[in-house]
Amino acid sequence: MSIRIAFSASNAPIAQSAREALVRRYGEVPVEEADVIVALGGDGFMLQTLHATQDLPAPVYGMNRGTVGFLMNEYSEADLPGRLARAEEEIINPLSMKAVTVDGEVHEALAINEVSLIRNGPQAAKLRITIDGRLRMKELVCDGALVATPAGSTAYNYSAHGPILPIGADVLALTAIAPFRPRRWRGALLPKKAVVRFDVIDSGKRPVMADADSASVTNVASVEIQIATHIKHKILFDPGHGLEERLIREQFV
């Protein structure tokens, strides 16, 4: 039985030319009819594709036509149906963000990598942190903070000196970005089902923006974050090159 493939590509010329070559060679079907969706681009485009297709049954197989490509497989035009048949599936749950602005507007978004809060002015942000309804930090003075999934722990979280989490770990990383007080506090590991709430202190003087995989909300007063267990993103990787191997390898470079 042949594998029905739908192709999606970023706007980069290298990704568009790859899509044209693959469609000529293997044909394609509408995304709603596909057995597999092949995404051509970088990690940012892979995140866009996962969000756009989360309600479809087909898994997503990425091929790197971008820069980093942590979520992508190596690009090759040869034997694509064979690679797809041998690919191993990883399932990841995104984070759900509920952000309330100072004007009372409510914004909701999903994040596969992380939800971050970043100062949006010249002064440091002041954040109050509550976990599962219990106040854990009265005041964190910082450039920001983020909550990352295991799949996203090698992205912004790692750049902010957060821990790399094994893909099967039932934990989330809460990482401070350039903390000033407490000066040496770098964050915490939280149970996967934890509900994390940030309240912005003195938001008029110290404005903060929230970002969920590039979906941004400015002038937030509070942000609540928790895992969306009902949403399952299915990603395909070549054998021996799945997320678990990549997370281990990333720690030795």
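The labels are DSSP runs, numbered from the N terminus: helices are H or I with at least four residues, and strands are E with at least two.

Some housekeeping before I go on. This is a predicted model, numbered from 1 along each chain as its sequence is written, where local features need pLDDT of at least 70 and side-chain atom pairs count only at pLDDT 80 or more, while totals for chains, interfaces and linings use all residues. Side-chain values use heavy atoms, with hydrogens and water left out.

Back to E1 and E2. They pair in the parallel sense over five bridges, and pairing here requires that DSSP finds at least two bridges between the two strands. Ala6, for instance, has Ile37 in E2 as its bridge partner. Is E1 enclosed or open to the outside? Four of its five residues are buried, so E1 is largely enclosed by the rest of the structure. Buried means under 20% relative accessible area, exposed means over 50%, and partly exposed is in between, with a 1.4 Å probe and protein chains only.

Now zoom out to the sheet. It is an open one of five strands, ordered E1-E2-E3-E17-E4, with mixed pairing. E1 and strand E4 (88–92) are the edge strands, each pairing on one side only. On average, neighbouring strands of this sheet are turned by 30 degrees against each other, direction ignored. Further along the order, E3 and E17 run parallel and are joined by two bridges, and Tyr61 has Leu236 in E17 as its bridge partner.

What about the helices on this sheet? H1 lies across E1, E2 and E3, at about 165 degrees to E1. H2 also packs on the sheet, touching E1, E2, E3 and E17, and its direction makes about 150 degrees with that of E2. For those angles, axes are lines fitted to C-alpha atoms, for helices over the stretch in contact, and the values run from 0 to 180 degrees between N-to-C directions.

Which residues of H2 (residues 43–52) are buried? They are Asp43, Phe45, Met46, Leu47, Thr49 and Leu50. Their cover includes strand E1 (5–9), strand E2 (36–41), strand E3 (60–64) and strand E17 (233–237).

Next, the other sheet. This open sheet has six strands in the order E12-E11-E10-E7-E14-E15, paired antiparallel. Its edges are strand E12 (187–191) and strand E15 (215–217), each pairing on one side only. The twist averages 15 degrees from one strand to the next. At the E15 end, strand E14 (residues 208–212) pairs with E15 in the antiparallel sense over three bridges, and Ala210 stands opposite Val217.

There's a hairpin to look at as well. Strand E5 (residues 95–101) and strand E6 (residues 106–111) pair antiparallel over six bridges, with Leu95 partnered by Ala111 in E6. Four residues sit between the two strands, and Gly104 in the turn has a positive phi of about 90 degrees.

On to the cores. A nonpolar core is a set of buried Ala, Val, Leu, Ile, Met, Phe, Trp, Tyr and Cys residues joined through side-chain atoms within 4.5 Å. The largest one has 32 residues, and those with the most contacts inside it are Met97, Leu127, Phe198 and Val223. Apart from it lies another core, of 21 residues, among them Phe45, Ala58, Met72 and Ala151.

Where is Thr149? It is in the loop between strand E10 (144–148) and helix H4 (156–159). Thr149 is buried, at a relative accessible area of 2%. Beyond its neighbours within four places in sequence, its contacts, meaning heavy atoms within 4.5 Å, include Asn93, Leu95 and Ile227.

Gln226, in strand E16 (residues 220–227), is partly exposed, with a relative accessible area of 32%.

Last one: Val100, in strand E5, counts as partly exposed at 23% relative accessibility. Val100 and Arg83 are 17 residues apart in sequence, and 44 Å apart C-alpha to C-alpha. That's it from me.
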